[in-house]
Amino acid sequence: MKKLLLIFPLLFFTVFQLNGQGVFCHPTIAADCVTQPNYIDSVVTSGAVQNFSNAGTNCNTQDNNYAFYKNFLVAEYRLDSFDLRVALNKNTISKIGVWVDWNKDSIFSVSENIYTSASYETGVTIRVGVPATANLDTLIMRVRTAPAFTGSCDASSTGETEDYRFLVLNDMPGSIKESIVKAGLSVFPNPARGKLTISVNNSKDYLLHITDVSGRLVFDGNMNNNIEIDVSDFKPGNYFIRLKSEDDVLIEKIIIN
Ligand SMILES: [Ca+2]
Ligand SMILES: [Ca+2]
């Protein structure tokens with residue numbers, strides 16, 4: 001068994017970490033992040049049910065610049081969203097990637113990539129939306145930095161990798177349809193193309209989020225009674241409309257074709 005553990009990383013050029021939530025691969029990094037300091041210095045959430053702030057972490061020189069911050073946990077409801085701020089060493093620029101293992105299979109798939117930098121940057125704030133299908137459990141969120149990468153675990157010359165815990169909460173007791181009927185939420189046409197009209201039978205102020213099936217936020221705005229949205233730029237597929245006021249949450253699934 002010991003021999004197998006030693007040989008395994010050598011065979012696959014990757015490293016696996018048993019972190020209590022499953023076994024996650026983490027990348028092999030050639031240089032330590034003191035020598036090549038494009039490290040992650042802070043990861044901070046805001047607007048979630050439970051937030052964390054992990055600032056001033058500097059460089060992890062051990063284990064391929066990998067750290068599992070198991071005591072830092074963000075908790076958020078399905079179909080809700082929060083802000084995630086990732087800041088690197090301010091004297092450097094690099095690419096940043098963020099993933100969440102929504103289906104809890106211990107693999108960060110392509111569809112579970114929340115964010116990848118288009119170009120080098122020293123930090124970013126992104127909106128993380130929780131998919132309707134997210135596993136109702138404690139999951140792992142990965143943040144990595146590297147000059148170039150295509151996934152959560154490919155080897156790199158430099159960079160750092162940090163994993164965090166992510167608790168998905170369910171705020172949809174009963175069926176989604178019941179909530180819609182009671183609330184008088186109307187979405188038309190559905191399926192939609194071009195313009196989409198959303199309306200409710202009251203005059204409360206709602207926050208409106210539209211997310212795709214991966215939880216990516218594609219529209220973020222406010223609504224009072226009704227709104228017309230241009231969805232002609234949306235890729236065809238299923239989306240979730242979520243309206244949240246001070247005292248209710250309304251959800252509808254729509255198809256863009
Ligand atoms: Ca760090
Ligand atoms: Ca997964």
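**Notebook: loops, sheets and core**

I started in the loop between β5 and β6, where Leu 79 has its place. I am working from a predicted model. Leu 79 is not a glycine, yet its phi is positive, about 65 degrees. Is Leu 79 buried or exposed? I counted 24 C-beta neighbours inside 10 Å, so Leu 79 is buried; the cut-off for that is 20 or more.

I then looked up Lys 104, another non-glycine with a positive phi, here about 55 degrees. Lys 104 sits in the loop between β7 (95–100) and β8. Its count is 17 other C-beta atoms within 10 Å, so I noted Lys 104 as partly exposed.

**Overall picture**

I stepped back to the whole chain. The protein has two helices and 18 strands. Of its 257 residues, 33% count as buried. I also checked contact range. Among contacts with a separation of 6 or more, 68% are between residues 24 or more positions apart.

**Four-strand sheet**

I traced an open sheet of four strands, ordered β4-β3-β6-β9, with antiparallel pairing. Which strands stand at the edges? They are β4 (53–55) and β9 (123–129). Each has a single partner strand, so one side of each has no neighbour in the sheet. From one strand to the next, the twist averages 20 degrees.

I followed one pair inside this sheet. Strand β6 (residues 81–88) meets β9 over seven bridges, in the antiparallel sense. Leu 84 faces Ile 126 of β9 there.

**Five-strand sheet**

Next I took the open sheet ordered β5-β11-β10-β7-β8. It has five strands and mixed pairing. At its edges are β5 (66–77) and β8, each pairing on one side only. Direction ignored, neighbouring strands are turned by 20 degrees against each other on average.

Met 141 is opposite Tyr 164 in β11.

How many C-beta neighbours does Tyr 115 have inside 10 Å? I found 17, so Tyr 115 counts as partly exposed. Beyond its neighbours within four places in sequence, Tyr 115 contacts Ile 96, Gly 97, Val 98 and Ile 126.

**Core**

I listed the largest nonpolar core, which holds 43 residues. Which of them touch the most other members? They are Val 86, Val 98, Val 100, Leu 139, Phe 166 and Ile 241. Both domain 1 (19–169) and domain 2 (176–256) supply at least three residues to this core.

Leaving out residues up to four places away in sequence, Phe 166 touches Val 74, Val 100, Leu 139, Ile 140 and Met 141. Val 100 and Leu 139 are also on the list of core residues above.

I moved on to β12 (residues 186–188) and β13. They pair antiparallel over three bridges. Ser 186 stands opposite Ser 199 in β13. Six residues lie between the strands of this hairpin, and Gly 194 has a positive phi near 85 degrees.

I checked the prolines in that loop. Pro 189 lies between β12 and β13. The peptide bond from Phe 188 to Pro 189 is cis, omega near -10 degrees. Pro 191 lies in the loop between β12 and β13 as well. A cis peptide bond joins it to Asn 190, with omega about 10 degrees.

Then I read the two faces of β13 (residues 195–199). Leu 196 and Ile 198 make up the covered face. Lys 195, Thr 197 and Ser 199 make up the uncovered one. I recalled that side chains alternate between the two faces of the sheet in a regular strand. I also saw β13 joined antiparallel to β16 (residues 226–230) by five bridges. Ile 198 has Ile 227 of β16 as its bridge partner.

**Lys 244**

My last entry is Lys 244, in strand β17 (residues 237–244). Lys 244 has 18 C-beta neighbours inside 10 Å, so I logged it as partly exposed. Residues up to four places away aside, Lys 244 touches Tyr 206, Leu 207 and Val 249. His 209 is 35 residues away along the chain, with 8.5 Å between its C-alpha and that of Lys 244.

Key: Residues are numbered from 1 along each chain as its sequence is written. Chains are lettered from A and ligands numbered from 1 in the order in which they are written. This is a predicted model: local features need pLDDT of at least 70, side-chain atom pairs count only at pLDDT 80 or more; totals for chains, interfaces and linings use all residues. Two strands pair if DSSP finds at least two bridges between them. Axes are lines fitted to C-alpha atoms, for helices over the stretch in contact, and angles run from 0 to 180 degrees between N-to-C directions. A residue is buried if 20 or more other C-beta atoms lie within 10 Å of its own, exposed if 12 or fewer, and partly exposed in between; C-beta atoms are placed from the backbone. Two residues are in contact if their C-beta atoms, placed from the backbone, lie within 7 Å. A nonpolar core is a set of buried Ala, Val, Leu, Ile, Met, Phe, Trp, Tyr and Cys residues joined through C-beta atoms within 7 Å. Domain bounds come from an automatic or database domain assignment.
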